[in-house]
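Here are my notes on this model. Please read them with the structure open.

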Amino acid sequence: MIAPIVIVFLTVAYYAAFGVFFVKFATPLIFKLIGIIVPAALSAAFIWLLVQRIKEIKGGEEDDLGKY
């Protein structure tokens, strides 16, 4: 259960740094908005998937192959 948490943390940190880069260096407002919205949406998706994976692990399924 540690590996998904670490991967999501690193990915969210990367997207946060990407968003900060766009805020600092992108001149037009549209690029700043895109540079904030897209990484924020991707981070939210990764966190949602992490929550789903933790529920799956706690439910007893270690991998998705048990469903098939």
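**Notes on the fold**

1. The accessible surface of the protein is about 5,300 Å². Carbon and sulfur atoms hold 76% of that area. Areas follow the Shrake-Rupley method with a 1.4 Å probe, and for residues only the protein chains shown count as cover.

2. This is a predicted model: local features need pLDDT of at least 70, side-chain atom pairs count only at pLDDT 80 or more, and totals for chains, interfaces and linings use all residues. Residues are numbered from 1 along each chain as its sequence is written, and side-chain values use heavy atoms, with hydrogens and water left out.

3. The protein has 2 helices and 0 strands. These are DSSP runs numbered from the N terminus (helices: H or I, at least four residues; strands: E, at least two).

4. Helix 1 covers residues 2-25. Its 24 residues should span 34 Å at 1.5 Å a residue, and the end C-alpha atoms lie 35 Å apart, which agrees. The expected span is 1.5 Å times one less than the number of residues.

5. Of the 68 residues in the protein, 16% are buried. Buried means under 20% relative accessible area, exposed over 50%, partly exposed in between (1.4 Å probe, protein chains only). In helix 1 the buried residues are Val8, Thr11, Tyr15 and Gly19. Their cover includes helix 2 (29-58).

6. How do the helices cross? The axes of helix 1 and helix 2 come within 8 Å and cross at roughly 170°. Axes are lines fitted to C-alpha atoms, for helices over the stretch in contact (heavy atoms within 4.5 Å); angles run from 0 to 180 degrees between N-to-C directions. The two helices are therefore roughly antiparallel (over 145 degrees).

Technical notes. Angles under 35 degrees count as roughly parallel, over 145 as roughly antiparallel, 65 to 115 as roughly perpendicular and the rest as oblique.
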